[in-house]
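Hello,

Here is the structure we discussed, with notes on what was found in it below. Please keep it next to the text while reading.

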Protein chains: 4
Amino acid sequence: MSENRPLIVETREHVRYAETDAMGVVHHASYLVYFEEGRSHYMREMGSNYADIEASGYRLPVVEANLRYTEGITYGDVVIIRCWLEESRSRQLTFAYDLLSANTGNKLVSGYTRHIWTEIGGKVTRAPEIWNKLLNSIF
Amino acid sequence: MSENRPLIVETREHVRYAETDAMGVVHHASYLVYFEEGRSHYMREMGSNYADIEASGYRLPVVEANLRYTEGITYGDVVIIRCWLEESRSRQLTFAYDLLSANTGNKLVSGYTRHIWTEIGGKVTRAPEIWNKLLNSIF
Amino acid sequence: MSENRPLIVETREHVRYAETDAMGVVHHASYLVYFEEGRSHYMREMGSNYADIEASGYRLPVVEANLRYTEGITYGDVVIIRCWLEESRSRQLTFAYDLLSANTGNKLVSGYTRHIWTEIGGKVTRAPEIWNKLLNSIF
Amino acid sequence: MSENRPLIVETREHVRYAETDAMGVVHHASYLVYFEEGRSHYMREMGSNYADIEASGYRLPVVEANLRYTEGITYGDVVIIRCWLEESRSRQLTFAYDLLSANTGNKLVSGYTRHIWTEIGGKVTRAPEIWNKLLNSIF
């Protein structure tokens, strides 16, 4: 990782009407789904893919999530999801996220999700070898 | 089935804030989830359980759904889900639903879902024997 | 509308992990959300926008939905949503949809949603004038 | 609050099939919805109601959420949501949650949500007077 500049992957998602609630803005639980979309895109950009990871017998469940909400976003706007890898250890990964409104540029939510590598059955394991190679190639 | 009176199972669900949308009422896709909850409860009342059905190697995917929306419902109210079995054939089932507001008694949505019996892999099959026995016991 | 060839608008959506269920495929209720995304995109392509429609005091609630499910789709694949306007009357609109897997080209779901034009308070009304102009410009 | 024993309100929710994902367990974003249901029930038990709070011109948006995931839960099981008020200040509230499986008694998730009192327009404000009275009556 040259100069501590992580890869930041940006994903854009139109706010779905189904994601809004009676307050007129996106419901707070939907941001965990935006995080997930940002993370999925990040993995595709790395040359990996969470679908492939599952097919090869690994799972990467969320063990902790944190979200700080600053501002709401309404239908008609687009969410910009910035996602980066905050930490990658042998058995654990942390992704971080900043979400912004495309209309105003304002920050909506920031947060992180912590994950562990497991086998299909749930047993904690080391990161797959392919993952370590991909990590080395991007940093 | 004596006198063509079907078993009608009633389920009550508090409207969840997450289910509302920016129109201030429950989003139209959430009613398929209410249908599913009504159907799950119906099966438990029969003495069956969709979890057991899956555990015994069967699946009951939806092949058609129809919903007619009459009135919206807001957070703070309770949805009454009335579910009954409209038709049960060797390879196919149809459930029907009427949804009402507990506050007003007004009808919100009515509709049906059609299902087929399949094996885990997706191959269409006959209803499990246990299902036919349960059907005979309730009708 | 020259030669009965309607405008067909195509939208692509990565399957979200959150949209899958324990059968391993997208949950059947999520297709109503895909329909909605296809419809939103269709309106933007027309030069309209459902957000603008709401801002101008109109609502376009769903009064009927029908879905026929042919095949499931898994995480890792992309849903192709084809949406067109099946019928536009003074107080009512019908959109139709075909959804396909980008991986296999197979049809997943087809269906329609019927909508009525209402004022904010819910009173049925005629289509906004701007909508009729846009319709004339595309057909 | 006598002896620092807070009111703990317990809510039970059947796992909905729609809440599961391709890992076979409830998707991690659904727990924020369970938190919300637990919180809604807590308020009803206090003699309040979030619907009434909104009707009286207040909002209580989430400004922070934290979730620690220990174990998954499958369809067929029931989630026990234990919710209590961790802190109530003039402009801010914190609810905490423990979620358990009814089948195993094991802890699934624990976490908290922090909220601020605002007016409809989003301006931060003091808790409504009625809320303070209810708080005094339960503690």
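Apart from neighbours within four places in sequence, A:Trp131 is in contact (heavy atoms within 4.5 Å) with A:Met43, A:Met46, A:Ser48, A:Ile53, A:Leu85, A:Ser88, A:Leu93, A:Phe95 and A:Trp117. This is a predicted model, in which local features need pLDDT of at least 70 and side-chain atom pairs count only at pLDDT 80 or more, while totals for chains, interfaces and linings use all residues. Residues are numbered from 1 along each chain as its sequence is written, chains are lettered from A and ligands numbered from 1 in the order in which they are written, and side-chain values use heavy atoms, without hydrogens and water.

A:Trp131, B:Trp131, C:Trp131 and D:Trp131 have the most contacts inside the largest nonpolar core, which has 150 residues. (Such a core is a set of buried Ala, Val, Leu, Ile, Met, Phe, Trp, Tyr and Cys residues joined through side-chain atoms within 4.5 Å; buried means under 20% relative accessible area with a 1.4 Å probe, protein chains only.)

Chain B superposes on chain A by a rotation of 180° with 0.0 Å of shift along its axis, RMSD 0.0 Å (least squares on C-alpha atoms of residues with pLDDT of at least 70 in both). That is the relation of a two-fold axis. B:Asp21 is the residue of chain B that comes closest to the axis, at 1.9 Å (C-alpha).

Between chain D and chain A, about 1700 Å² is buried (accessible area lost by both parts together, 1.4 Å probe), and carbon and sulfur atoms give 60% of that area.

Regards

Technical notes:
Buried means under 20% relative accessible area, exposed over 50%, partly exposed in between (1.4 Å probe, protein chains only). Buried area is the accessible area (1.4 Å probe) that two parts lose on being put together, summed over both.
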